[in-house]
Amino acid sequence: MHVNRTEASGGAARLRAASGILGVLLLGANAFGAAEGPAGRWADHTPEFRHILWTTEPKVFTLRYTGAVPPATNVVYTVTDLWERNVWRGTASLRGNGWARIRLDPPGDTGLRAVGWYRLAVEAAGTAALDIDFAVVPPHSPMDPEASFFGIAGSFGGYRNAGPWLNAVTVIPAARLGARWVRITSGWSDLQEAPDAPVDWAFYEQAVAAAEAHGMRVFPMMGTTPAFAVDPAIARPRTHRGDLLRRISMPPREDAWRAFLGEAVQRFGGRVPYWEIWNEPNGAGHWPGGDPERFARFFNLSGRIIRAADPGARIVMGGTTGVKPDWITAFLDAGADPDYLDVVAVHPYRHPDAIPERGFSEAPRGYGHAPLLEDLRGVSELTARLPPLPGGRRRQLWCTESGYNTGGAMAAALHAPVSPRQQAQMLVRTMCLARAAGVDRFFWFRLCDTYGGGLGLLGNADRRFMPKPAYVAYAVLERMTGAASACRLLAGQPEGVFVVRCDLPDGPVWVAWALQPDTAWTPPAVLGPAPRVTDMMGGAAAQIGSATPPALRLAPDPVYVTASAAR
């Protein structure tokens with residue numbers, strides 16, 4: 001059952017009543033987990049990842065003031081939603097030892113919904129305000145990962161200083177998100193210190209076990225060559241930026257690669273069903289010259305190693321930076337064995353001005369020059385033309401990375417920042433269009449921000465990994481469409497209106513949006529006289545009016561439309 005659809009059918013009143021029943025307990029923290037006042041300091045003492053809450057569980061957050069002079073006996077708090085609407089305001093007592101708790105348990109029609117993204121601002125006389133961003137999401141239904149479209153990507157400790165390691169605690173936000181697959185880097189350069197040293201598999205053991213405990217699967221990207229394993233016969237070239245290619249991006253010696261990759265597949269065979277070979281091999285910053293011929297030879301070697309260790313393993317081509325069917329064709333023409341190519345993978349990053357629905361003439365090809373649907377269909381058609389796989393297996397198309405940056409020091413124009421609300425919009429629209437284009441699995445990059453950029457659905461450690469609106473947008477999209485057997489973009493819509501129909505066992509869901517606000521759209525008659533409308537944060541949206549035919553006002557924020565109870 002899709003919780004959001006049920007909530008939508010009940011309307012805003014039911015959602016607001018649910019908020020009172022839940023008795024959400026919340027506390028504040030600012031961007032750095034603390035704020036200075038004239039005489040003291042506020043700090044957030046909430047455990048990390050406790051800003052992501054089920055609708056059905058107790059929520060407890062803790063705030064503490066330390067200083068010689070208490071600022072006040074009470075703190076004042078205000079809750080706003082994504083659209084900056086005030087949904088609740090109240091006060092809480094500051095205890096004598098400086099601890100405070102704020103319980104949001106409002107009676108009646110307060111505007112605070114059970115599902116959504118919220119910001120809680122805390123104020124006290126003479127002290128700076130503290131903000132906390134929190135998400136409330138419904139539990140998801142169990143699902144076989146093989147049937148799921150939804151994945152999340154990140155380093156997860158695969159590179160030093162690149163986010164938290166994946167373990168029993170850090171897997172929680174990925175699981176609550178609704179992702180059934182977690183893409184991680186192998187971190188070979190971190191796992192083995194010397195050629196005669198054993199590989200330290202502790203990271204992999206805890207990552208695989210943590211994912212399995214939540215019904216998820218780990219999907220590793222194998223790469224990052226340690227210095228001792230770099231092939232000395234290959235000169236380090238310069239990248240497109242003019243600097244020498246990093247050693248971890250250099251091809252490894254065959255003997256060292258055979259030992260490392262073979263041991264990994266033997267150790268985790270069956271528990272890890274898919275193995276990705278390298279990352280963005282068409283990029284001069286990840287593979288010498290982005291050379292497809294050299295990579296074809298390396299891919300075939302990797303395929304032989306994997307199949308020798310686990311004949312049932314599935315092999316994924318390293319996802320290309322951008323959507324690059326010409327490079328994939330060159331890779332195949334250079335002799336890449338299609339029998340090893342179970343999955344073709346791309347990274348459809350786009351220039352922020354190249355919205356998914358439209359091309360942007362100044363963007364490079366493969367990065368938003370054409371509409372996303374056109375780019376992905378080009379690769380989908382190429383994939384369909386390849387020889388069939390042994391045993392009649394169907395070859396798949398995956399997006400193993402894609403995302404939008406909300407801030408940070410990312411030099412490439414490709415990752416110029418967008419607002420958190422825009423990130424949420426683009427996530428839903430990108431993933432829906434990708435699914436309509438024939439993509440079988442999509443990994444959003446990434447779960448957590450790093451100090452080099454804001455691509456994550458959660459903030460970085462300084463932000464105490466608080467959720468962004470895109471986190472809730474992903475969770476709602478998974479709850480509303482996760483069980484879909486097929487999704488397709490509907491033709492014949494008004495200019496600037498996009499509608500993706502997803503077919504689910506209990507009836508279809510229409511995901512609809514417009515490029516301009518306040519754009520009229522007439523839902524299909526099959527939806528009945530009073531369709532249910534759910535906004536991208538999981539709440540009941542404005543209902544369709546009584547005009548004949550009924551019209552819904554669309555905007556860049558996608559909505560989910562389902563049939564009325566009585567048709």
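Predicted model: local features only at pLDDT ≥ 70, side-chain atom pairs only at ≥ 80, totals over all residues.
Close-up 1. Apart from its neighbours within four places in sequence, T430 is in contact with P356, L372, Y404, F442 and W444. Among these partners, L372 belongs to the residues of α8 that make the contact with α9, while F442 of strand β20 stands opposite C399.

**Close-up 2. The packing of helix α8 against helix α9.** Two packed helices are described by the angle between their axes and the distance between the axes. For helix α8, which spans residues 372-385, and helix α9, which spans residues 420-436, the axes come within 9 Å and cross at roughly 35 degrees. The crossing in which α8 passes α9 is right-handed. On the side of α8 the contact is made by L372, L373, L376 and R377, and on the side of α9 by T430, L433, A434 and A436. Sorted by class, the residues of this contact are six nonpolar, one polar and one charged.

**Close-up 3. Strand β19 between its parallel partners.** Strand β18, residues 343-347, pairs with β19 in the parallel sense over four bridges, and within this pairing A345 has W398 of β19 as its bridge partner. Strand β20, residues 441-445, is joined to β19 by two bridges, and these two strands also run parallel; here C399 stands opposite F442 of β20. Together, β18, α8 and β19 make a right-handed β-α-β unit, and the helix of this unit, α8, is the one that passes α9 in a right-handed crossing.

**Close-up 4. The side chains of strand β19.** In a regular strand the side chains alternate between the two faces of the sheet. In β19, which covers residues 396-399, Q396 and W398 point one way, whereas L397 and C399 point the other way, and all of them are buried.

**Close-up 5. H51 in the loop between β3 and β4.** H51 has its place in the loop that links β3 (40-44) to β4 (52-54). With a relative accessibility of 0%, H51 counts as buried. When its neighbours within four places in sequence are left aside, the contacts of H51 are D44, T46, F61, I132, D133, F134, A135, R464, M466 and P467.

Close-up 6. Five strands with antiparallel pairing form an open sheet in the order β21-β22-β23-β27-β25. Its edge strands are β21 (486-489) and β25 (532-535), each of which pairs on one side only. On average, and with direction ignored, neighbouring strands of this sheet are turned by 25 degrees against each other. Within the sheet, strand β23 (residues 509-514) and strand β27 (residues 559-562) pair in the antiparallel sense over three bridges, and V511 stands opposite Y560 of β27. Helix α10, made of residues 469-481, lies across β22 (497-503), β23, β25 and β27, and runs at about 20 degrees to β27.

**Overview. The whole chain from which the close-ups are taken.** The protein chain holds ten helices and 27 strands, and buried residues make up 59% of its 567 residues. Of the contacts in the chain with a separation of 6 or more, 71% are accounted for by residues 24 or more positions apart.

How values were computed. Residues numbered from 1 in each chain as written. Heavy atoms only, no water. Axes fitted to C-alpha atoms, helices over the stretch in contact; angles between N-to-C directions. Left-handed = near helix turned anticlockwise from the far one by under 90°. Contact = heavy atoms within 4.5 Å. Nonpolar A, V, L, I, M, F, W, Y, C, P; charged D, E, K, R; others polar. Buried < 20%, exposed > 50% of the residue type's maximum accessible area, 1.4 Å probe, protein only. Pairing = 2+ DSSP bridges. Right-handed = clockwise from strand over helix to strand, strands pointing away.
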